[in-house]
Amino acid sequence: MVYIPPSHSERAVDVGLKRRQPDLSRHLSAEARARLPNPIKSIWKVAQVKPGTINMGNGDPHHTLYPVCEMNFVIPSVDEHDPVQAWREGTGEQQIISSHKDEPCALSLRTAMAYGAGAGLKHVRDALAELNDRIHAPPNHTVSLSLGNADALTKCFRLLGDPGDSFLCEEFTFSAMTNAALPLGIDWVPIRMDKDGLIPSDMERVLAHWDEASQGKRPHVLYTIPCSQNPTGSTLSLERRRQIYQIARDWDVIILEDDPYFFLQYDLDIRPTTIEQYGFTRAMAEVLPRSFLSMDYDGRVMRLDSFSKVLAPGMRLGWVTCNDFFGEKLDMLTDSSSQHPHGLGQAFIAELLGNHGWGIDGFMKWVSSLCREYERRRNLFMDVFRREVANTGLASAEVPQSGMFVWIKVNLDHHPRYRAMANSGSLGGPVSNTAELMDELFRKLLDCGLVMMPASTFAIMDRSGRAATDNHIADRVNYFRATFVGTDDTIENGLTIFGRGLEEFFCHSRISTPDSDYN
């Protein structure tokens, strides 16, 4: 295991945190408290302890009757200097990794294709725990597999949320996930953002001014996407992460760190000498953002990772890293619901990260190469955006540091039909026609043959009952989320349509370009 130790000052702080580990059991939902272990799975786990135990208790089909004995996966060789580019162009070498039922391999199909525990198979969990250790070095945490981050997150909501609870999240966030909590009776409390992501002082303000008599129980969970926040593309700085973690400690808040874009970082200053001496894993670990997990001595972080963005989304395989107590409760939920992740995906990951596949260092070399390709596409997107869109003065965008998205601001205050009212007539309501104009623009672009995701799709309305301190979120939905991960032609053609559509919508000629900002 390659471990990069923190500085002396960081280590002193970390040791201080470690001495004061809190009791986090109060965060469990009533459902999680009431759930009993799956009794059949409990016996199955006991039976695994002693090798050679004759198992006549389970209803497993015998492995001799599995209609498969071997699976071969053709993958790119990471011996290439730039494996992603070579794979795209068809010029690189290939390698074959194999899973077998009756021959030696990293994970036998006899095991992979049988029933297993909800946490996933030990071989795969151990490989991902080693990856965690080499990237995050988390203290006292365990790994459980999931069917991707959507599966993991919905289970975390059930684990931690009761009807009437309020959870914190960014004011614009991945609504497919926040919607999953609504049927559980969980309300969302949005935290303000700027171009650098969630604003710690606003999180502090919300918690400090919370009135439990009128608003119910104070929020005890923060759901956040710290890298390439979806949809805004912002990435939290280390200073903000430290501030947010300290606020979470002060107010006893659990952090759900949903980080599917963590590995897709750009403009990285990777040191070739580190690669030569220690390999890609250490070289990448030195420049990747420091996660909430890496600073979590309290055990209050549940981190969600996925292979969807770095391998393929259809794999539906990810992993949750958390303290042992939450991990046990999460496994109990999985054992009595979706059951363990699919064996085919686990077999593939075991071979990929094993001695006959890429290994962890080869995987990180692939990630490094993937970052370079997506960085190229991001740069192309921004170049075309400046030429076709920004020059109109009708829209602007920040350059994302990571991920897949660009958050495009539409300068609606230049539109001839934009209206801002002195007061809305309803306390705390919108004071402009921003939402209506953006809906009209979305339909205009759709007629032109272009789809971008409007900000209203991701906006979290504040239903917590706290007094409004600034403008309504409906007055701040003048944004589109656009992706730069498509082909060069998609980027070129899409942004050309966008620029022309904007000019037609605004119905006037080009104007001077205003300064880019977030408001």
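This is a predicted model: local features need pLDDT of at least 70, side-chain atom pairs count only at pLDDT 80 or more; totals for chains, interfaces and linings use all residues.
**Entry 1: a helix over a sheet**

I started with helix H14 (residues 324-335), which lies across S3, strand S9 (254-258), strand S10 (301-306) and strand S11 (318-322). I read its direction as about 25° to S3.

In what order do the 7 strands of the open sheet run? I get S3-S11-S10-S9-S8-S4-S5, with mixed pairing. At the edges I find strand S3 (142-146) and strand S5 (187-191), each of which pairs on one side only. From one strand to the next, the twist averages 20°.

I then zoomed in on one pair in this sheet. Strand S4 (residues 166-170) and strand S8 (residues 221-224) pair in the parallel sense, over 2 bridges. For Leu168 I looked up the bridge partner in S8, and found Leu222.

**Entry 2**

I moved on to an open sheet of 4 strands, ordered S12-S13-S15-S14. Are its strands parallel or antiparallel? The pairing is antiparallel. Here the edge strands are strand S12 (395-397) and strand S14 (453-454), again each with pairing on one side only.

Ser396 stands opposite Lys409 in S13.

Then I asked what sits on this sheet. H17 packs on it and touches S13, S14 and strand S15 (479-483). The direction of H17 makes about 35° with that of S15. H18 lies across S12, S13 and S15, and I noted that it runs at about 20° to S13.

**Entry 3: H17 against H18**

Helix H17 (residues 434-447) and helix H18 (residues 488-506) pack at an angle of about 130°, and their axes are 10 Å apart. How should I label that angle, given that over 145 degrees would count as roughly antiparallel and 65 to 115 as roughly perpendicular? H17 and H18 are therefore oblique to each other. Their crossing is right-handed.

I listed the residues that make the contact. From H17 they are Leu437, Glu440, Leu441, Lys444 and Leu445. H18 brings Phe498, Gly501, Leu502, Glu504 and Phe505. Sorted by class, the contact of H17 with H18 has 6 nonpolar, 1 polar and 3 charged residues.

Conventions:
Residues are numbered from 1 along each chain as its sequence is written. Side-chain values use heavy atoms; hydrogens and water are left out. Axes are lines fitted to C-alpha atoms, for helices over the stretch in contact, and angles run from 0 to 180 degrees between N-to-C directions. Angles under 35 degrees count as roughly parallel, over 145 as roughly antiparallel, 65 to 115 as roughly perpendicular and the rest as oblique. A crossing is left-handed if the near helix is turned anticlockwise from the far one by less than a right angle, and right-handed if clockwise. Contact means heavy atoms within 4.5 Å. Ala, Val, Leu, Ile, Met, Phe, Trp, Tyr, Cys and Pro count as nonpolar, Asp, Glu, Lys and Arg as charged, and the others, Gly among them, as polar. Two strands pair if DSSP finds at least two bridges between them.
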